[in-house]
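Okay, thanks for coming, everyone.

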Amino acid sequence: MKRVSIVAALGLVMAGCASAPPDTMPRTPPGQPSPQQGQTQPLPPSQRQAPPQVPADRGGPSPSRQNQSRQPDTPPKEAPPQHAEAVSSPAVMSLMGRADTLAGSGHMDDAAATLERALDLEPRNAFIYQRLAAVRLAQGQAGQAEQLAQKSNSVAGDNPFVEADNWKLIAEARKTAGDAKGASAASSKAVNYERSTAQYSQ
């Protein structure tokens, strides 16, 4: 026999009491107290519904609140390349190593020529332009040094590690050229790029 829900059963009982004539009202069997007027007879145990169980409060936030307050863990961004060997071929690394040796011994022209050969192999390598900018700055060619550093920025692909060093070179180049205001602006950009590197995992 299909059971009726408590809400539906109470609705049927109340509707039956309101519409039934007085002489058809169910009579109380002998030996049982008659129900008081206006009161509803208790339902039999088979139609009673157990009260909903409320989880005990253990002092912590409810699971729903935990889900709302807990934000998904965002892993730190992977750091872009910070050194030339991460993006350069062995041939380019060999040329850059030779250029460093030549520059260290004071042969700036030969170092610049070696780096230009490296650019022929990898014309979009930001690290080569950066190294060549440093050599030109050491040669006293401030204007060309800034141009090369700006070119390095344009091919760096939003790499704050490279751009921070390039803006340091630009600041030094402008200072050498007597542009104090421009040097200060470049230094500020270098600081901003250095701060932006904090978003990457080291």
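So, starting from the N terminus, the elements go α-α-β-α-α-α-α-α-α-β. That gives eight helices and two strands in the chain; these are DSSP runs, with helices being H or I of at least four residues and strands being E of at least two, numbered from the N terminus.

Before going on, a word on what you're looking at: this is a predicted model, where local features need pLDDT of at least 70 and side-chain atom pairs count only at pLDDT 80 or more, while totals for chains, interfaces and linings use all residues. Residues are numbered from 1 along each chain as its sequence is written, and side-chain values use heavy atoms, with hydrogens and water left out.

Some overall numbers. The chain has 202 residues, and 27% of them count as buried, meaning under 20% relative accessible area with a 1.4 Å probe, protein chains only (over 50% is exposed, in between is partly exposed). Take the contacts, meaning heavy atoms within 4.5 Å, between residues at least 6 apart in sequence: 56% of those join residues at least 24 apart.

Now the core. Nonpolar side chains tend to be buried together in soluble globular proteins. Here, the largest nonpolar core has 33 residues, and M96, L115, I128 and L132 touch the most other members. By nonpolar core I mean a set of buried Ala, Val, Leu, Ile, Met, Phe, Trp, Tyr and Cys residues joined through side-chain atoms within 4.5 Å. At least two residues of this core come from each of α3 (90-104), α4 (108-121), α5 (126-138), α6 (142-154), α7 (160-176) and α8 (180-196). Which helix gives the most to this core? That's α5, with eight residues.

Let's stay with α5. The axes of α4 and α5 come within 10 Å and cross at roughly 160°; axes are lines fitted to C-alpha atoms, for helices over the stretch in contact, and angles run from 0 to 180 degrees between N-to-C directions. So α4 is roughly antiparallel to α5, the word for angles over 145 degrees. On the α4 side the contact is made by M108, A111, A112, L115, E116, A118 and L119, and on the α5 side by I128, Y129, R131, L132, V135, R136 and A138. Zoom in on L132: leaving out residues up to four places away in sequence, L132 touches A112, L115, E116, L119 and L148.

Then there's R136, also in α5. Buried or exposed? R136 is buried, at 10% relative accessible area.

Next pair: α6 and α7 pack at about 165°, with their axes 9 Å apart, so α6 is roughly antiparallel to α7. From α6 we have A142, A145, E146, A149, Q150, S152 and N153, meeting V162, E163, N166, W167, L169, I170, A173, R174 and T176 of α7.

Last one, N153, which sits in α6. N153 counts as buried, because its relative accessibility is 10%. Not counting residues up to four places away in sequence, N153 touches V162, E163, N166, W167 and I170.

That's my tour, thanks.

Key. Parallel < 35°, antiparallel > 145°, perpendicular 65-115°, else oblique.
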